[in-house]
Amino acid sequence: MMTLRINGQSHVIDATPDMPLLWALRDLLGLTGTKFGCGIAQCGACTVHLDGNPVRSCVLPMAAVGNRDVTTIEAVGETAVGKKVQAAWVALEVPQCGYCQSGQIMSAAALLTRTPEPQDEDIDAAMSGNICRCGTYTRIRAAIKQAAKG
Amino acid sequence: MVDNPAYGVPELARRRFLGGGLLLAFAVVGASRKAHAAGEEPSLRAIQGATGASPHGGFDGFAPGGFIRIPPEGPITIIAPNVEMGQGIYTGEAMLICEELEAGLDQIHVVAAPPDEALYKQPILKSQATGGSTSIRGAWTPLRQAGAAARTMLIGAAAQQWKVPARECTAKRAVVTHRPSGRTLTYSALALAASHQPVPKDVQLKDPKDFTMIGKPLPRVDTPGKVDGSAIFGIDIRVPGMKVATVAACPTFGGKVAHVDDRATRRVPGVRDVVRLPNAVAVVGDHFWAAKQGLAALDITWDHGPNAMLDSAEIIRNLRDAHGTVQPVMARQTGDVDTALGKAAKKIGADYELPFLAHATMEPINTTVHVRADACEIWVGTQVPTMAQKLAADGTGLPLDKVVIHNQLLGGGFGRRLSADSIAQAVAIAKQVSYPVKIIWTREEDIQHDQYRPAYYDRISAGLDANGMPTAWVDHVGGASVLATYVPTGWPEGKLDPDAVEGAAKPPYDFANIHVDWVRADPPVPVLWWRGVGPTHNVFVVESFIDELAHAAAKDPVAYRLDLLRNNPRAAGALKMAAEKSGWGGALPAGSGRGVSLHDSFGSHVAMVIEIAVTETGEIKMKRIVAAIDCGLAINPDSVRAQLEGGIVFGLTAALYGEITFQNGRVMQSNFNNYRMLRMNETPPIEAYVVPSSESPGGVGETGTVSAAPALGNAIFAATGQRLRRYPFDRTQLHGAHAEGVVVSSRDAAQKTRVD
Ligand code: FES
Ligand code: FES
């Protein structure tokens, strides 16, 4: 049994501590917005925030979460930055299949929290861990810049 | 908005199914089949069926045919005949219907069509499937007719109620207005009455100048749910009592399970069952992690079967050797290439080679299945719902109508979900357990048990006149039949698989003498369509080689192409637009270059220019991409641009990294660490332009992928003088090769241009 703080609420989770956070979110708590893409920290589909920092939940054992705050795509819109990012994503029609976009938005929101006016190099550094098989990268870049402005 | 089709307890699902739009399409089938008359438009046929004697299967509302449901309360439901896998088809098809129905995209929600060939057969593919950039081309007329017929009936119902002539009434935003009196009735209020209106025999479609939606970059209906985590993909389905499984199939094609020791697996916390199939083993757990841990703990002995020694180098050798040993199948013969070659001032030939490719959809392969004694329920994102239903019926022994498919949003398709192999496997697993089970393939399983874009080895040559213009064009395409995958008895020997030559048989150019044939060689590897289908592999060869000819003639590659496009103004228009917007011909630093490609595919004309720089060490830096498409009337120009952008990234990924290889029968790649994807830091700015046009709509989704590899290869040549005739492009050949005009000989003799 472990207690995790997720999206502002405490959840008691009955699973082995080596279980990656991703599967607790998806399979035990039903927070399916966070996606499985590779399981080896290569694609970023599973990105969530731990105390505001982006982490790959597919390789993060629950035991390593401790008492840090977990934020997922379902709640990132409650932050000012997350809301701006989502609005820019809608305005520029970023998603195609949409499967990678939770992770993209989580990475982008973390970037803009740290670096409110990112240059292209900042965007490359923060976003290159997130694969989009549909190839929405140019719109993601534009949406990050738009979110930074607005 | 997009509705996430029914999921939940089976009872609830059934109730929603009976009460909601989804099942309704089922419910009207009986009636609609009765009413079908040969030769009628499908939409009108369907309308007649739905409005026949049947009270619409329990749906209290207006259900004209397969595509529209208007309840007395709540939003209108649009049932999209094609599946949403990122291409924006839910929005595009809803726009076609709503333009004529006179409803706003904010007044509707869109659901996936259930399997029903009678209602949702794709007219070009001739089955209920989504692929080949056919959706809009097939939907263009029937969906507008469906909207117009429904609107006519709604207006008719209002006119009857008001006792006024229908011609005095107009419809807008789901409201009918009687102009002289100003009275109004909403579509909801008219839903029941409209059901009793006569089905119009004929409908008048709008003049395009009166379109208020078609041609506008309207917001996609599925975007909001894709930015807040609420969109439900197949992998997100949760059914009460459901367990989660993951699976390992025999690592060699055609191999079997010999022995399984599952003692360690059964000790893994959360593991529930180990299920054995002839060629695979699945572990079922309370959650995916338990299943995955359990699978890792299995000790499986495989009988590797007939392909245990499969090796890609050998496959490529066999493909090459087929030229000259296998009787080619004729695809195109115009003029007399032999005579033309005899008179040619110069003859040029080259061999091109393309690798096997995996699809790697972002959403890993998954299926949720509940097999009961009397029914089978499946939640999955599939491009082929009727095929999935049929395979599940075969697998369970249940009648077709006892197999319910809840089609979901697809986290990418790219052709992978044109196969229902994983669905058949999931049913075979679910049959052995008493609870609903969600089977998820790991990424490793996805890469190693894909059905692959086959490898090709093409031999191409041309004769040039004294001006360097081609007088003869000879293209021998060498590779597998992909269509054979869909023909249980195999593709007949000696019969042309049109997909193999789709982008070769009719190049955009004027060739007075052209010969195209297909040298068939099927490797013992499961093959399938991949984004761009036939044209992706053909056009790489055609567009690289026409570039070779331009350089052999010492002419500018764009001007050379334009010279050959005098009878193809649309292709010429797209090419000119891409050239102009890209600054074609402008000066570039040493080691930089621009490459161009052009093709006519899927009813569209697409040109692309890419600008690159190649470093001393052979690294390729992509600087800028410009693409122009003439796809006829663009239903939603923003979706067209998005598809071009994404399709180009998909094609560049293959050109730079994509290659599946086999050794000792096994796929050597396994995940994104060794089957690489293009990433944000590598992707240059992409500008996509839509040529204004009022021609009938062409296909779009595949086109950017087709353009990418040849444009990049041509840019590499422009930057380095090195012609790379196989991809993924081998950057070791570009070391120190970036001095302008220096031609370094190819490493592989087979890949040298033969100039006589
Ligand atoms: S699923 Fe975690 S990085 Fe890919
Ligand atoms: S939108 Fe499909 S993978 Fe990114």
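Reader: In this predicted model, between which two strands of chain B is B:Asn664 found?

Author: B:Asn664 belongs to a loop of chain B in the predicted model. The strands on either side of that loop are S24 (662-663) and S25 (666-667).

Reader: Is B:Asn664 buried, partly exposed or exposed, and what is its phi?

Author: The relative accessible area of B:Asn664 is 49%, so the residue counts as partly exposed. Most residues other than glycine have a negative phi. B:Asn664 is not a glycine, yet its phi is positive, near 45°.

Reader: Which class of accessibility applies to B:Ser133, and what is its phi?

Author: B:Ser133 lies in the loop of chain B between helix H6 (117-120) and helix H7 (135-162). Buried means under 20% relative accessible area; B:Ser133 is at 14% and therefore counts as buried. Although B:Ser133 is not a glycine, its phi is positive, at about 50°.

Reader: Which residue does a cis peptide bond join to B:Pro728, and what is omega there?

Author: Most peptide bonds are trans. B:Pro728 is placed in the loop between helix H21 (703-720) and strand S27 (754-755) of chain B. The cis bond joins B:Pro728 to B:Tyr727, with omega about 5°.

Reader: How many residues of each chain are in contact between chain B and chain A, and what area is buried?

Author: The contact involves 60 residues of chain B and 48 residues of chain A. The size of an interface is often given as the accessible area lost when the parts come together. Carbon and sulfur atoms give 59% of the area buried between chain B and chain A, which is about 4500 Å².

Reader: How many salt bridges are counted between chain B and chain A, and which residue of chain B forms one with A:Lys35?

Author: The count between the two chains is four salt bridges. In the one formed by A:Lys35, the closest N and O atoms are 2.5 Å apart, and the partner is B:Asp236.

Reader: Which helix gives the most to the side of chain B that touches chain A?

Author: Elements that each supply at least two residues of this side include helix H9 (223-227), helix H11 (288-297) and strand S17 (437-440), along with helix H16 (443-448) and helix H20 (637-656) of chain B. The most, nine residues, comes from H20(B).

Notes:
Residues are numbered from 1 along each chain as its sequence is written. Chains are lettered from A and ligands numbered from 1 in the order in which they are written. This is a predicted model: local features need pLDDT of at least 70, side-chain atom pairs count only at pLDDT 80 or more; totals for chains, interfaces and linings use all residues. Side-chain values use heavy atoms; hydrogens and water are left out. Helices (H or I, at least four residues) and strands (E, at least two) are DSSP runs, numbered from the N terminus. Buried means under 20% relative accessible area, exposed over 50%, partly exposed in between (1.4 Å probe, protein chains only). Contact means heavy atoms within 4.5 Å. Buried area is the accessible area (1.4 Å probe) that two parts lose on being put together, summed over both. A salt bridge is a side-chain nitrogen of Lys or Arg within 4 Å of a carboxyl oxygen of Asp or Glu.
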